[in-house]
Amino acid sequence: MNDLVAGIDIGSLSAKVVIMCGDEIISSAIILTGHDSVKTSTQVMKLALQNCGRELGDINCIVSTGYGRVNVPFAQGNVTEISCHARGNQYLLPLVRTILDMGGQDCKAIRCNEYGRVVGFAMNDKCAAGTGRYLERVARLLNVPLGEVGPKSLDLVNGPVSIDSYCAVFAGNDVIRALREGRHVNDILAGAAEAIVKRILSLIKKVGIEEAFCLSGGVAKNVGIVKRLERELRMKVNTAFEPQLMGSLGAALFAQDKLIGLKRLA
Amino acid sequence: MGLICNSRIFSKKMIVAGIDAGANRVKAVILGENRMLGAITLDAGKQSATQAITEAVSQATAIVSINISTIDRFAITGKWRSNAPFATREVSDSLSLARGINWFLPSVRTVLDIGSQKTLAVSCVNGVPFKSQYSDRCAAGNGQYLEMVAEILGVNIDELGKFSLEAESYIELQNVCTVFAESEIITLVHENKGPREIARGAHRGLAQRLYPLLLSVGIKPDIAIVGGISKNVCLVRELEELIGEQLMIPSSPDIVSALGAGLVAYENASE
């Protein structure tokens with residue numbers, strides 16, 4: 001009989017759960033975090049349990065991760081996001097050795113080994129440029145839904161607009177100016193994509209790049225970023241099937257480890 | 001205006017327009033007859049840089065009732081100085097600032113110009129700039145930071161300084177980045193923390209980020225602060241506390257660089 005484990009990732013913007021039974025992911029859930037981490041964790045877990053028709057008591061081990069990991073009352077342990085992201089991505093893409101995880105408020109470059117363990121790490125969490133916030137700000141100013149940002153940024157009209165890559169606020173100013181000058185929305189989005197990739201690259205260079213490369217986090221759904229990164233890195237940019245769930249998947253795998261460890265002790 | 005000015009400069013009978021084409025505002029000054037004739041600060045608003053520059057000069061000439069054709073020389077400084085639609089001498093920001101502050105306050109040897117997208121510190125003597133240091137990479141070191149604070153707290157930007165000084169204590173912000181600080185302030189407001197204390201903390205943070213800029217050019221009294229933000233009484237107070245010296249503020253802080261650029265055009269008028 002396979003044990004049930006769960007990983008829960010409380011990020012600054014969204015909370016995610018993955019429930020596994022043996023090697024299989026049987027359920028997942030994503031909701032917005034909101035102001036109350038404890039309430040959010042209960043809600044997202046409930047949703048994931050509903051999706052597979054189980055109850056909290058059925059889960060043998062739960063590990064939490066993310067910004068709000070200490071605020072999960074029903075977790076048996078917590079692990080850093082970096083370790084969980086590396087573990088989750090490498091589990092689904094066993095050849096992965098370099099991961100770029102762009103969250104809502106930070107950006108992390110992770111090097112891992114063949115067991116998914118972290119061997120190198122660099123992070124920006126002080127500056128909104130190079131994080132999801134940058135793209136959100138640009139998309140909001142242009143009134144473009146986030147899902148359309150990627151495809152539009154690849155459909156150039158005249159050429160990418162020059163957008164500041166160092167500051168999300170200045171980028172916003174550049175966007176407004178470009179709009180006033182009558183530049184096409186797609187070209188502005190292209191400029192923002194180029195700027196973000198520039199920032200990402202400088203972070204990745206800090207840890208060094210080893211194939212295979214994987215992009216994680218919400219930004220992985222943005223084809224404009226993926227294509228441009230591939231152009232700059234000159235290698236394939238892999239993205240896991242649901243990049244936002246990698247942290248919670250990694251946490252679930254750590255929960256499995258913990259169970260095995262506990263069983264050995266018993 | 002009761003100014004001490006170098007009479008050599010004004011021995012030429014010329015009308016000069018000095019322009020400072022900044023990121024958000026264009027300033028234009030008309031100089032002639034041994035004095036500054038008039039000045040204007042124009043919000044660029046929805047116009048392109050070129051349009052704003054033309055408009056500013058047009059309005060400045062209207063104010064002093066002269067025809068634009070009587071202007072003998074144009075000089076321009078600031079971010080968009082390459083965007084003038086007429087022949088003009090381009091002047092560097094630090095030279096314009098040094099010359100300009102010397103006109104208003106000749107004893108100044110260190111000057112800080114806080115714009116909305118750039119901050120410039122210059123050490124100078126008698127209008128000659130020596131060291132200069134820019135900060136234009138990050139909005140958290142410029143005027144836009146306070147514009148964000150004002151917007152989130154629902155306070156008019158012109159009142160923000162006075163509003164913040166009403167606080168006797170301050171709440172230190174954990175985030176430097178303008179974007180993250182914005183969220184932090186929203187959360188603090190949501191938690192019913194005092195808006196004046198939050199604003200005061202934000203001003204302190206900005207002052208702490210501006211101080212190293214001044215240190216890098218060397219702080220020698222008299223020290224002046226120019227740019228729109230110099231009217232913010234809280235920022236001035238926080239900076240004075242950090243530096244340990246009183247700051248001087250010229251009577252028209254917005255137009256200092258525009259005037260400085262105009263003076264440079266005068267000096268070089270034999271060309």
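Biologist: How many residues of chain B are in contact with residues of chain A, and how many of chain A are in contact with them?

Modeller: This is a predicted model, and in it 20 residues of chain B are in contact with 17 residues of chain A. The size of an interface is often given as the accessible area lost when the parts come together. For this pair, chain B and chain A bury about 1600 Å² between them, and 56% of that lies on carbon and sulfur atoms.

Biologist: Which three residues supply more than any other three of the area that chain B buries against chain A?

Modeller: They are B:Arg137, B:Val179 and B:Phe180, which supply 37% of the area that chain B buries against chain A.

Biologist: How many salt bridges and how many residue pairs in polar contact are found between chain B and chain A?

Modeller: Side chains of opposite charge can pair when their charged atoms come close. Across this interface the rule finds one salt bridge, and A:Arg137 forms a salt bridge with B:Glu182, with the closest N and O atoms 3.8 Å apart. Between chain B and chain A the count of residue pairs in polar contact is four. On the side of chain B that touches chain A, helix 5 of chain B gives the largest share, six residues, and the residues of that side divide into six nonpolar, nine polar and five charged.

Biologist: What does A:Tyr134 touch, if residues up to four places away in sequence are not counted?

Modeller: A:Tyr134 touches a set of residues that includes A:Ala128, A:Ile163, A:Cys167, A:Ala171, A:Ala195 and A:Ile196.

Biologist: Which residues of helix 7 of chain A are buried, and what covers them?

Modeller: The buried residues of helix 7 of chain A are A:Gly224, A:Ile225, A:Val226, A:Arg228, A:Leu229 and A:Leu233. Their cover includes helix 3, helix 4 (146–154), helix 6, strand 9 and strand 10 (237–239) of chain A. Just after the helix, A:Arg234 takes a positive phi of about 55 degrees.

Biologist: How many salt bridges does the structure hold over all chains, and which parts does the pair of A:Lys263 and A:Asp3 tie together?

Modeller: Over all chains the structure holds 27 salt bridges. In one of them the side chains of A:Lys263 and A:Asp3 meet at 2.3 Å, N to O. A:Lys263 lies in helix 8 (residues 246–265) of chain A and A:Asp3 in the segment before strand 1 (4–10) of chain A, so the pair ties together parts that are 260 residues apart in sequence. A:Asp3 is partly exposed, with a relative accessible area of 23%.

Biologist: Where do A:Arg117 and A:Asp257 lie in chain A?

Modeller: The side chains of A:Arg117 and A:Asp257 meet in a salt bridge at 3.9 Å, N to O. This pair links distant parts of the chain, with A:Arg117 in the loop between strand 7 and strand 8 (118–124) of chain A and A:Asp257 in helix 8 of chain A, 140 residues apart. A:Arg117 counts as partly exposed at 36% relative accessibility, and A:Asp257 counts as partly exposed at 29%.

Methods: Residues are numbered from 1 along each chain as its sequence is written. Chains are lettered from A and ligands numbered from 1 in the order in which they are written. This is a predicted model: local features need pLDDT of at least 70, side-chain atom pairs count only at pLDDT 80 or more; totals for chains, interfaces and linings use all residues. Side-chain values use heavy atoms; hydrogens and water are left out. Contact means heavy atoms within 4.5 Å. Buried area is the accessible area (1.4 Å probe) that two parts lose on being put together, summed over both. A salt bridge is a side-chain nitrogen of Lys or Arg within 4 Å of a carboxyl oxygen of Asp or Glu. A polar contact is a pair of N or O atoms within 3.5 Å; within protein, one must be able to donate a hydrogen and the other to accept it, and residues adjacent in sequence count only if both atoms are side-chain atoms. Helices (H or I, at least four residues) and strands (E, at least two) are DSSP runs, numbered from the N terminus. Ala, Val, Leu, Ile, Met, Phe, Trp, Tyr, Cys and Pro count as nonpolar, Asp, Glu, Lys and Arg as charged, and the others, Gly among them, as polar. Buried means under 20% relative accessible area, exposed over 50%, partly exposed in between (1.4 Å probe, protein chains only).
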